Amino acid sequence: MSTEQLVPKDWAGKLSRLSITTKSKLRGQHKGSHRSQRFGASLDFSDFREYSPGDDVRQIDWNVYARTDKYFIKRFLDEQEMRVHILLDTTKSMGDSLKWTFAKQLAASLGILVLQRDDRLSFTAVNEEKKVPFRRKGATYRKAFIQTISDIDKPAMSSTFTDNALPFLPKDSTVLFVITDCLESIESWERFLQKLPKFAGDIRIIQVVTDEELAPSYGGDVQLEDIETSEQVNVSISSRILEAYHQERKEHQQRLEILCHKFGIKILQVNANEGISHTMFHQLLRANWVQ
Amino acid sequence: MYAWTAIFPIAVLLYYFFRKKYVKKSVSSTLFWQEAMKETKASPYLQHLQRNALFYLQMLAMLLLVLALLQPYWKTKAIAGEQIVFIVDTSATMKVDANNSTSLFEQHRSKMLELVEQLSGKPLTLITTGNEPAVLLRQEKNIEQMIKEIKKLEINYEAENMSKSLDFAQSFFQDKATSVYIFTDELERQSLPLQHENVSWNVEALTVDIKNASIKRFGATETANGISTLVQLENQSDKEITTELEISNEEKKLVTEVVKLPPKETITLSFDELVNSSYLRANIDIQDSYLLDNENIVFMADQLSNIFIDSSIHSLVRTAFQSLDINVSSVPPEQVGLLKEEGIMVTNQFGIDIDNENPVLYIGRNDASPKEVNGKVQTTESPLFAFADLKDIYVSSVYPPIDGYTTIATIGDDPFIQTSPSGDIIILADIQMTDWPLSPTFPLFMWGVKENLSSGSDYLGTFTPNERKPLSLGALNEWEIYTMNDNYEYTIENGGKFVAPSEPGLYVLRSKGAEKNLSVILPQEEKVIDKGTSYKVNGQQVNAEGDYQVHSFVPYILILLILLFVIEWEVQRRRGFTS
């Protein structure tokens, strides 16, 4: 799959006015383009503080001393890099072409956002074979990242995402994006989510759904096969059954959201059918994940 | 017989064709579907049943099949014998109130319907009693037909004539083992033809005590001082009955008298000097079990039944009347004018002054001499010729006609038979002048004459129920029969086909403005009701074999099986064919 096909042509340009916001204080050691809450060597003025012995004499603002006869230290905000990790679910349940393309677009877009702000991006697709993760910093790697995303094979993983994702995670991320469809049992999600906060300060799950999942269009007597587990269920679809399905779905979603809230994880449901630009420019903005 | 069971395999086949087909469909996850479908699951025991439903269902189907092969059945009691004969008494006494205002007849009817259910395919013959026993069902095997006929049965009020019906029934035995059921009020064991060895007799009789008072006889004669009546009342029960006897005519009550009737006794009452009326009605006001015999009607206009023949008339005339079973008396010619008794006079003494106003038939006239004629006899439309066609008779000579009389038959241009304004009839020829007596129409004509002369009134007489009796009402007219309350009953084509109505009472015959009355009364033996006993006389050769009716369980099992198959399909359909 070529780059052009994955994201629109001037996509990077459009995304350039967005940046990822986070309140997480966990930062990398390297200098970056994000202002940090710490005081540092950036040009941005923060505040004044009275001089106390031991402070760097060079930082005394002599102009203020001239006016007030007191020593003040002028402080500046530090600029630090942000470490963003994107984790992509590649279990077979993501294999629906619409969903998969959307998930990849989402990963690519988020990656571009990170890279063009000179932040450190790491990316792993949860696979059965462990590949070397993508780990780059700087806008120059945008093309390479998109290429990496494009090169990911179609989802072929049959084992569960929640049980296999943890080893792919770096320990020191500022922001962790998890792109998944959340179609696994609440119990396994609970196990996964309770371990997740160790890995990053700000964890965001982007749940990809499709219209087909929200409101099944098929009717009559169908034998449904789970593409991930190959389980088969015979369903004679009736309004009663459909209602039960919706009920189950809603319940799953609610329990998932409660779990996320409990572990301080943000979750956002995005619909693949609504398109990547709607998601990027409306949903993520409204959720205040980007600005 | 079991051809209808073919519907089962067809149903299964149809079900197979129309069963649901599953369309394969891949989805991202069946997580929610499984949850949605799981809702039916209940206890582990039920889950086990659910999981092994097919096994259990098939097991059950196998067991049922084995059971069906054993051909299980249950027995119910059936009527013994190869064939069944019902003899149903339809006489008036069957109307007796046997039990809480259900008549004995209705009781028997339900008993018959009950028995029909136990026939188990044996042929049924249904005979009703009466003057002419009727076979309503002849070796019938169709149960629906039987039920239909039994429901149609009606009381015809005739005397039962049980011996006739019994004789009739015997013609159906044909040496087969036969069960005869007699539905009547009372029948003595002696009157059964017990000589048949392979016939068993079952008599269903009136078994409850009844209370009945009856007007046994009621007669009335006109005397110089009015009407004298005689009433005979009978109490047929064991208790004394007090009732009110009432005699009335068409307008008002004439006599009311309270009468005490001692048990099992008959009393006779007479009343004289009653007002002249056209009819009298006697009834007793009592609510007993049998209401039909509580009323009796007598018409005052009695038919003239005697015929007096002038002894100078040819003896063939006398023979003709006698052949009709009519009372004939000879009267010497000189006494013809002096006769005091009522009756029809036959003479040739035309112009004689007859004392009482008896009607007269003149044959020839002794006051004139005949002249020769030659020609064919032609008749007008008169009730006299309803049964007698005079076309082929030869008449050599006739007497001159009488002025003012109506000619009803001619020979050529000469009058042959005339009627007087007062109703007398004259034949203008001697018997010797014609070959008429040799023709069969002669006695028929004489009968017509008698009927014509005697029915001076419009009263036809008293009949027993359904009595057949030719009446000279005229051949061409249709007569409609009405009850006294102007309810139409039926129509007869002419007098020759007259059949009296079955229900006792007064009736009116109407045709083109003419009206005639008649009354139907119960036969004397139908006024007596006795309690009988129900009993059974078994023929020696009727064994208990076939005493039971076998009902098969197989059709029910088959129905269960088809149900099971359907359930199995349903289970398989839900489960899917792979698992």
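Colleague: What makes the pair Glu187(A) and Arg255(A) a salt bridge?

Modeller: The distance between their side chains. N to O, it is 3.8 Å. The cut-off for a Lys or Arg nitrogen and an Asp or Glu carboxyl oxygen is 4 Å. The value falls within 4 Å, so Glu187(A) and Arg255(A) count as a salt bridge. Bear in mind that this is a predicted model.

Colleague: Which parts of chain A does the pair tie together?

Modeller: Glu187(A) sits in helix α7, and Arg255(A) sits in helix α9, residues 239-262. The two parts are 68 residues apart in sequence, so the pair ties them together across that separation.

Colleague: Why is Glu187(A) called partly exposed?

Modeller: Its relative accessible area is 44%. Buried means under 20%, and exposed means over 50%. Glu187(A) lies in between, so the label is partly exposed. Arg255(A), at 39% relative accessibility, gets that label too.

Colleague: How do you know that Lys531(B) and Asp209(B) form a salt bridge?

Modeller: Their closest N and O atoms are 3.7 Å apart. That is within the 4 Å limit, so the pair qualifies. This pair links distant parts of the chain, 322 residues apart. Lys531(B) is in the loop between β31 and β32, and Asp209(B) is in the loop between β9 and β10.

Colleague: Is Asp209(B) buried or exposed, and what makes it so?

Modeller: Exposed. Asp209(B) has 62% relative accessibility, and the label needs over 50%.

Colleague: What makes Lys216(B) and Glu234(B) a salt bridge?

Modeller: The N to O distance is 3.9 Å. With the limit at 4 Å, the pair counts. Lys216(B) is in strand β10 and Glu234(B) in strand β11, 18 residues apart. Both Lys216(B) and Glu234(B) are buried. That puts each of them under 20% relative accessible area.

Colleague: What joins Lys99(A), Asp181(A) and Glu213(A) into one network?

Modeller: Salt bridges that share partners. Over all chains, the count comes to 20 salt bridges.

Colleague: How many salt bridges are there between chain A and chain B?

Modeller: One. Glu212(A) pairs with Lys25(B), with the closest N and O atoms 3.6 Å apart. That distance is within 4 Å, so the pair meets the rule.

Colleague: How do you know that chain A and chain B are in contact?

Modeller: Contact means heavy atoms within 4.5 Å. By that test, 32 residues of chain A touch 24 residues of chain B. The two chains bury about 2,600 Å² between them, with 60% of it on carbon and sulfur atoms. Asp221(A), Gln223(A) and Asn234(A) supply 23% of the area that chain A buries against chain B, more than any other three residues.

Colleague: Why are the buried residues of α5(A) said to line one face of the helix?

Modeller: The buried residues of helix α5 in chain A are Phe145(A), Ile146(A), Ile149(A) and Ser150(A). Seen down the helix axis, they fall within an arc of 140°, so they line one face. The general rule: an α-helix has 3.6 residues a turn, so residues three or four places apart point the same way.

Colleague: What makes the group with Tyr45(B) and Leu46(B) a nonpolar patch?

Modeller: The members are Tyr45(B), Leu46(B), Leu49(B), Phe55(B), Tyr56(B) and Met59(B). Together they have about 620 Å² of accessible area. Elements α3 and α4 of chain B each give two or more residues to the patch. A member needs over 30% relative accessible area. Met59(B), in helix α4, has 43%, so it passes that cut-off and counts as partly exposed.

Colleague: Why is Ser185(A) called partly exposed?

Modeller: Its relative accessible area is 29%. Ser185(A) is in the loop between β7 and α7 of chain A. Thr160(A) is 25 residues away from Ser185(A) in sequence, and 9.8 Å away in space, C-alpha to C-alpha.

Colleague: How many residues of chain A count as buried?

Modeller: Of its 291 residues, 51%. In chain B, buried residues make up 48% of 579. Chain A has 10 helices and 11 strands, while chain B has 10 helices and 33 strands.

Notes: Residues numbered from 1 in each chain as written. Chains lettered and ligands numbered in written order. Predicted model: local features only at pLDDT ≥ 70, side-chain atom pairs only at ≥ 80, totals over all residues. Heavy atoms only, no water. Patch = residues over 30% accessible without salt bridge, like charges linked within 9 Å, V, L, I, M, F, W, Y side chains within 5 Å. Areas by Shrake-Rupley, 256 points an atom, 1.4 Å probe, with all protein chains shown as cover. Helix = DSSP H or I, 4+ residues; strand = E, 2+ residues; numbered from the N terminus. Buried < 20%, exposed > 50% of the residue type's maximum accessible area, 1.4 Å probe, protein only. Arc of directions from axis to C-beta. Buried area = accessible area lost by both parts, 1.4 Å probe.
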